[in-house]
Amino acid sequence: MLTGKVALVTGASRGIGKEIAMTLAAQGAVVIVNYNGSKEAACEVVSQIEQNGGSAEAIQCNVANFGESEAFVKQVLEKYKKVDILVNNAGVTRDNLIMRMSEQDYDTVLDTNLKGAFHMIKHLSRSFLKQRSGKIINISSVSGVLGNAGQANYSASKAGLIGLTKSVAREFAVRGINVNAVAPGFIDTDMTKELSQDAKKELSSMIPIGKMGTAKDVADLVLFLAGEGSDYITGQVICVDGGMCI
Ligand code: NAP
């Protein structure tokens, strides 16, 4: 159980982040449901959590922005006094072959997926180090582990997250803070709905288990990493991918 814990999930208005928020709340954590543009969807996540007897609040913040993230963390700490579990889940794609990839599409993906996690960890670091406990879970991707044609920006951001995870894990280990990365494979969400049927077919053929994963598959692992059962695990990258990375 996560009773008494405060969890902050970035990009929790839909998809994997929503499922993580709902799962952590179902175990008793008070959950900050962060979103960027989808206010209605985020408020709906909060309503669903409350209907299930949990506690949550939706807070807007563009994690790609250093100052906004700092103000967001300040607001959360003023009200809740601490964050025990930080899940850096917010992510975007701007897929294209590198020859056609614009600088803006490269920067947008890096700023959201990688710098967003840096902002959240940096702004919460003083609080985490003072409390001498905590769980940080960064949502990477098999794209960051294996690379993926057409996703140079996304793969770079997700591989960067793995480096960030390992370095911060080393910095925070003696203070009782675990930092791990989860690398989902091909998961059924809005992000993958945009793919063409051909791309979906090709991706599915690369999965030994033979089917797409669900947001719940990812949330169940995050729940484990957020709880006491993972106290001796840090700096790891755990794939939830039906065997894609074997
Ligand atoms: P999704 O359905 O597209 O949801 C993305 C979430 O990120 C939304 O809640 C969105 O909020 C939020 N977000 C985007 N930019 C943001 C920003 N600048 N600040 C704050 N929030 C922001 O994606 P998903 O499939 O659930 O993916 C969640 C995470 O898992 C991502 O990091 C993704 O890279 C990773 N992942 C997904 C898959 C997959 O197959 N789906 C595989 C591997 C890894 P708004 O709508 O409010 O902007």
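**Figure 1. Cys239 and Cys245 in the predicted model.** The sulfur of Cys239 lies 3.6 Å from the closest cysteine sulfur, that of Cys245, which is too far for a bond. The model shown here and in the other views is a predicted one. A disulfide is a covalent bond that links the sulfur atoms of two cysteines. Two cysteine sulfur atoms are counted as a disulfide within 2.5 Å, so the 3.6 Å between Cys239 and Cys245 is too far. Cys239 has a relative accessible area of 31% and is therefore partly exposed.

Figure 2. For Cys61, the closest cysteine sulfur belongs to Cys43. The two sulfur atoms are 15 Å apart, and therefore too far from each other for a bond. Cys61 is buried, because its relative accessibility is 2%, under the 20% limit for that class. By the rule applied to cysteine pairs, the count of disulfides is zero.

**Figure 3. Residues around the ligand.** The ligand is surrounded by 32 residues. Ser13, Ser38, Asn89, Tyr154 and Thr189 are the closest of these. Ser13 places a polar side-chain atom 2.7 Å from an oxygen atom of the ligand. In the side chain of Asn62, an N or O atom is 2.7 Å from a nitrogen atom of the ligand. Gly185 takes part through its backbone: a polar atom there is 3.3 Å from an oxygen atom of the ligand.

**Figure 4. The second largest pocket.** This pocket holds about 340 Å³ of space. Its lining consists of 18 residues, and those closest to the centre of the pocket are Lys5, Gly134, Lys135, Glu228 and Asp231. At least two lining residues come from strand S5 (134-139), and at least two from strand S6 (177-184). By residue class, the lining of the second largest pocket comprises seven nonpolar, six polar and five charged residues.

**Figure 5. Ser143 and Gln151.** Ser143 belongs to helix H5, which spans residues 142-146. Its relative accessibility is 5%, so Ser143 counts as buried. The side chain of Ser143 is joined to the side chain of Gln151 by a polar contact of 2.6 Å.

Conventions
Residues are numbered from 1 along each chain as its sequence is written. This is a predicted model: local features need pLDDT of at least 70, side-chain atom pairs count only at pLDDT 80 or more; totals for chains, interfaces and linings use all residues. Side-chain values use heavy atoms; hydrogens and water are left out. On a 1 Å grid over the protein atoms alone, a cavity is a set of points where a 1.4 Å probe fits but cannot get out, and a pocket is an open set with protein on both sides within 12 Å along at least five of seven lines; lining residues have an atom within 4 Å of a point. Grid points are joined across faces, edges and corners, and a volume is the space filled by probe spheres set on the points. Helices (H or I, at least four residues) and strands (E, at least two) are DSSP runs, numbered from the N terminus. Ala, Val, Leu, Ile, Met, Phe, Trp, Tyr, Cys and Pro count as nonpolar, Asp, Glu, Lys and Arg as charged, and the others, Gly among them, as polar. Buried means under 20% relative accessible area, exposed over 50%, partly exposed in between (1.4 Å probe, protein chains only). A residue is near a molecule or strand if one of its heavy atoms lies within 4 Å of it. A polar contact is a pair of N or O atoms within 3.5 Å; within protein, one must be able to donate a hydrogen and the other to accept it, and residues adjacent in sequence count only if both atoms are side-chain atoms.
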